[in-house]
Amino acid sequence: MSELVVEKISEPLSLDEWTSVLCDRDMPIFSSTAFSIDAILRDDKKGAMDLANVILHDPNLTAKLLKMSNSSYYNVSRQKMVTVSRAIIVLGSELIRELTLACSFFEAILPAANRERANQEIARAVHAAVQAKSLALSVNDPSPEEVFIAALLHQIGNVAFWCFSGKQGERLLSLINKENCTIEEAEKQVLGFKLTDLAVSLCKTWKLGGLIEESVKKGRQANPRVNLVNLGYVITDALKEGSQSKQYVECVDKISKLTGTSKQSAEALMVQNTDTAINIAKQFGAVTASRLINKEEFQSVEEESKVPDEDKKLVQIQILQEITGIMSGKIDINLLFEMVMEGIQRGLGMDRALFALLAQDKKSMKEKLSLGWRKEYYDQKVIFSISQSPLNIFSQALRNPQGLMVSGASDGVLFTDADKRVIGQHDCFLMPVCSGEQPIGLIYSDRSFSQQPFTDDDFNGFKHFVQQANIGLAMYRMHGKK
């Protein structure tokens, strides 16, 4: 009788191994988002639409980001935002960039088997981030959101380790609880490195840079913005010690001097920020962690933390209203197509959507904008070949201004071998984008991952969105000729 062999994934044993495992196995969502944001920031030709594209590739991240963007904590103007594109316009690309990092971070860590220590670290990070941002606002810092994200990720080594540790975490906890040694000494004994070292390594690997990386590095910092980040943690720890402790008294004195307010005002601000942190943690989905920020206050904050499933019909209506709004004035053609693509993906529940433009020789089409496409690298572009003999789905679609609903099974003859390598062979919608009577490209979408069946309503919705793109393009060209 053959013996059943069970593959066991061993825990990493060094700083390099921990860094590699967290990036490649345990936190790939955050890794991909961090790398993509870094690529956008380094490329002068990239802008707000490229940032939106990164967000829209992940439906969960999109929903969470829009929820945070509409919260009173971020959206002071209270303008309702139903698309990522609108959120970027209203809140600005800098704030959305920081929010994207924060949301993708929680997206990566919350599905893990969080234990009590992991939630303690998450609670401390959120609480410190809110306190640090409040201080930044008080001293007129140029980018309070940057201070917030730097404080949130300041303890990224601790948070990541405790979210994904196994036996090593148990040994470390045992040593901390039983032995007469500091936490850092225990970390060195069990892991061979300190978790602050892991934070520095992760920042370098993920290319987080800026204030985030500067705040986690060792040694004294001359940058006053790093001091704001550190003070956020000082406040959090002082509140845990209690109002009668020496640490608390010294902390209140520091805040009072920094902000130029009375000690009573400083204390009131600390308490107010604690309540805010509870709500922010819950909005990020960290419900258990929110309870640990302030157990006494938690009972009064019982809102649902889980991002609800979107009402797709409502999303369609809202995005179509947004599209109508931007066509009533001077048309931003890039924003128009971004909204059309977002409407197709989110409003119709499509897994992949792609807008491709015809090459000059009309023998191929190259991606202009895509959502949901799983690529090997960020700048990879999808290219379609247009086969005239025999006709393939793309040449057929360009001849059908009313759009095509193609069945991967019964219309298999339309998929050439080259098509199958690029898109597979799935049920899909296609419709040309036209300038006047001439097609200049097309929009393609499918449900290649979920394999959910199409309905006539889905197809009608798809055609409606593409028609809006064609109407907007015609108006744009008409205004351009005036």
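Predicted model: local features only at pLDDT ≥ 70, side-chain atom pairs only at ≥ 80, totals over all residues.
How many bridges join β1 to β6, and which way do the two strands run? Six bridges join them, and they run antiparallel.

Residues are numbered from 1 along each chain as its sequence is written, and side-chain values use heavy atoms, with hydrogens and water left out.

**View 1. The open sheet, strand by strand.** Six strands line up in the order β3-β2-β1-β6-β5-β4, with antiparallel pairing. Strands here are DSSP runs of E with at least two residues, and helices are runs of H or I with at least four, numbered from the N terminus; two strands pair if DSSP finds at least two bridges between them. The edges belong to β3 (383–385) and β4 (404–406), each with a single partner strand, so one side of each has no neighbour in the sheet. From one strand to the next, the twist averages 30°.

**View 2. Strand β1 and its two partners.** Take β1 (352–358): six of its seven residues are buried, so the strand is largely enclosed by the rest of the structure. Buried means under 20% relative accessible area, with exposed over 50% and partly exposed in between (1.4 Å probe, protein chains only). Towards β6, Leu-357 stands opposite Gly-441. Towards β2, there are six bridges, again antiparallel, and Leu-354 sits opposite Ser-370. β1 and β2 make a hairpin with five residues between them, and Lys-362 in the turn has a positive phi of about 60°.

View 3. Three bridges tie β2 (residues 364–371) to β3, and the two run antiparallel. Met-365 has Phe-384 of β3 as its bridge partner. Helix α20 (residues 333–348) lies across β1, β2, β5 (428–435) and β6 (438–446), at about 75° to β2. Axes are lines fitted to C-alpha atoms, for helices over the stretch in contact, and angles run from 0 to 180 degrees between N-to-C directions.

**View 4. Helices α6 and α8 side by side.** α6 (residues 93–109) and α8 (residues 144–152) pack at about 20°, with their axes 9 Å apart. They are therefore roughly parallel (under 35 degrees; over 145 is roughly antiparallel, 65 to 115 roughly perpendicular, and the rest oblique). Residues in the contact (heavy atoms within 4.5 Å) include Leu-95 and Phe-106 of α6 and Ile-149 and Leu-152 of α8. By class, the contact has six nonpolar, no polar and three charged residues. Nonpolar covers Ala, Val, Leu, Ile, Met, Phe, Trp, Tyr, Cys and Pro; charged covers Asp, Glu, Lys and Arg; the others, Gly among them, are polar.

View 5. α7 (residues 116–138) meets α16 (residues 263–283) at about 130°, with axes 8 Å apart, so the pair counts as oblique. Among the contact residues are Val-126 and His-127 of α7, along with Leu-269 and Asn-273 of α16. By class, this contact has seven nonpolar, seven polar and no charged residues.

**View 6. Helix α9, tucked in.** Nine of the nine residues of α9 (residues 156–164) are buried, so the helix is largely enclosed by the rest of the structure. Among them are Ile-156, Asn-158, Trp-162 and Cys-163.
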